[in-house]
Amino acid sequence: MSSSSAALPARLLRWSGAGWFSVAAIGQLAFVGFILAFYGVRTVTGRFAAWNDKPLIKGYIGGDDIGNAVFAAHVLLAAVLTLAGLMQLIPDLRRNRPRLHRWTGRLFLTLAAVMALSGVWLTVVRQSWLSSISGVAILLDAVLILIFGAMALRRALQRRFEVHRVWAMRTFMVVSGVWFLRIGLMGWILVNRGPVGMTDTMSGPADIVMAFGSYLIPLAVLELYLAATRSRHAALKVLAALLVSAAALFTAVGVFGTVALMWGPYLW
Ligand code: HEM
């Protein structure tokens, strides 16, 4: 095999990864835009009760000052965390602005822990959950965020940057679990032209697969992508490139669905 044909599977794999990340970045920026335009505007103008203009499990509750404050901090920090996470994965920034990368990295890991802990508080203390199975799924996500974030930090402090990069990518996947959940639910509804296997309390078979799959499936695809990158087998690289391309396509459908059905109607 000539060296250029041997390099093709590796290139396909890289392109598929870059393609998925570009689609995901657009969808995550849309998430940030929604948070700022919906929660940001209502919070800054003191219209806290208007958080409930969109369906929530427990958004604003009159008299529950602590609960409302934790909710506000959780949703507003979600925008900063999502932006910081995206910045960490942009290769140019990582290579050419190492100081910026270190500071946004510290911010990302700190906020990831704050979000996981405030999310656990909202779920357990405020009892904001739809079904026990969806509650367990999001709590497991919080545990993984805390463990993976600690591993990413530890490897960076040990200056083991190759392993750090892998743990940082795993952290990005579990931190993005709540975003993936929205994309997955809306993508599923569009592909099936309706809420097949779903219930209002998120306890249908499709809901349960999505609740755990929102972080376990992206983690599995990431592991396959990394294994294929390391592997010398062209077939594995091509297979992984096809899977990541399919994931990019589904992500694009899900982003469209989420903007059109979940966020857009409350903004315009
Ligand atoms: C780390 C990344 C996270 C992000 C970016 C994030 C983002 C958000 C956003 C934007 C909302 C507002 C709800 C909406 O408009 O749909 C929200 C609410 C909430 N989040 Fe998170 N969250 C994260 C992690 C978690 C975790 C790990 C948990 C639980 C362990 C959690 C539990 C909750 C709960 C209970 C609510 C209130 C839901 C309601 O009352 O409807 N979050 N989160």
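The expected span of a helix is 1.5 Å times one less than its number of residues. I start there because helix H8 is my opening topic, and that rule gives the 38 Å to compare with. This is a predicted model, please keep that in mind throughout.

H8 covers residues 205-230, which is 26 residues. From its first C-alpha to its last it reaches 35 Å, close to the expected 38 Å. The helix does have a kink of about 60°, centred on Gly-213. Gly-213 is also among the buried residues of H8.

Next, the ligand. What does the protein give to its iron atom as a donor? There is a single donor, NE2 of His-74, at 2.1 Å. His-74 lies in helix H2, residues 65-88. Is His-74 buried or exposed? Its relative accessible area is 19%, and the cut-off for buried is under 20%, so His-74 counts as buried. Setting aside residues up to four places away in sequence, His-74 touches Met-115, Ser-118, Gly-119 and Leu-122.

Now the rest of the ligand's surroundings. How many residues surround the ligand? The number is 24, and the closest are Tyr-39, Ile-57, Lys-58, His-74 and Arg-182. For Tyr-39, a polar side-chain atom lies 2.5 Å from a ligand oxygen. Arg-182 also uses a polar side-chain atom, at 2.8 Å from an oxygen of the ligand. With Lys-58 the polar atom belongs to the backbone, and the distance to a ligand oxygen is 2.8 Å.

Which helices each supply at least two residues of the shell? They are H1 (3-44), H2, H4 (98-124), H5 (132-157) and H7 (177-192).

My last stop is Leu-109, in helix H4. Leu-109 has 18% relative accessibility; buried means under 20%, so this residue is buried. What does Leu-109 contact, leaving aside neighbours within four places in sequence? The list is Gly-149, Ala-152, Leu-153 and Thr-171. Take Gly-149 from that list: Leu-109 and Gly-149 are 40 residues apart in sequence, yet their C-alpha atoms are 5.9 Å apart in space.

Key. Residues are numbered from 1 along each chain as its sequence is written. This is a predicted model: local features need pLDDT of at least 70, side-chain atom pairs count only at pLDDT 80 or more; totals for chains, interfaces and linings use all residues. Side-chain values use heavy atoms; hydrogens and water are left out. Helices (H or I, at least four residues) and strands (E, at least two) are DSSP runs, numbered from the N terminus. The bend at a residue is the angle between axes fitted to the seven residues ending there and the seven starting there. Buried means under 20% relative accessible area, exposed over 50%, partly exposed in between (1.4 Å probe, protein chains only). Contact means heavy atoms within 4.5 Å. Donors are N, O and S atoms within 2.8 Å of the metal (3.2 Å for Na, K and Ca); water is not among the atoms, so sites may look incomplete. A residue is near a molecule or strand if one of its heavy atoms lies within 4 Å of it. A polar contact is a pair of N or O atoms within 3.5 Å; within protein, one must be able to donate a hydrogen and the other to accept it, and residues adjacent in sequence count only if both atoms are side-chain atoms.
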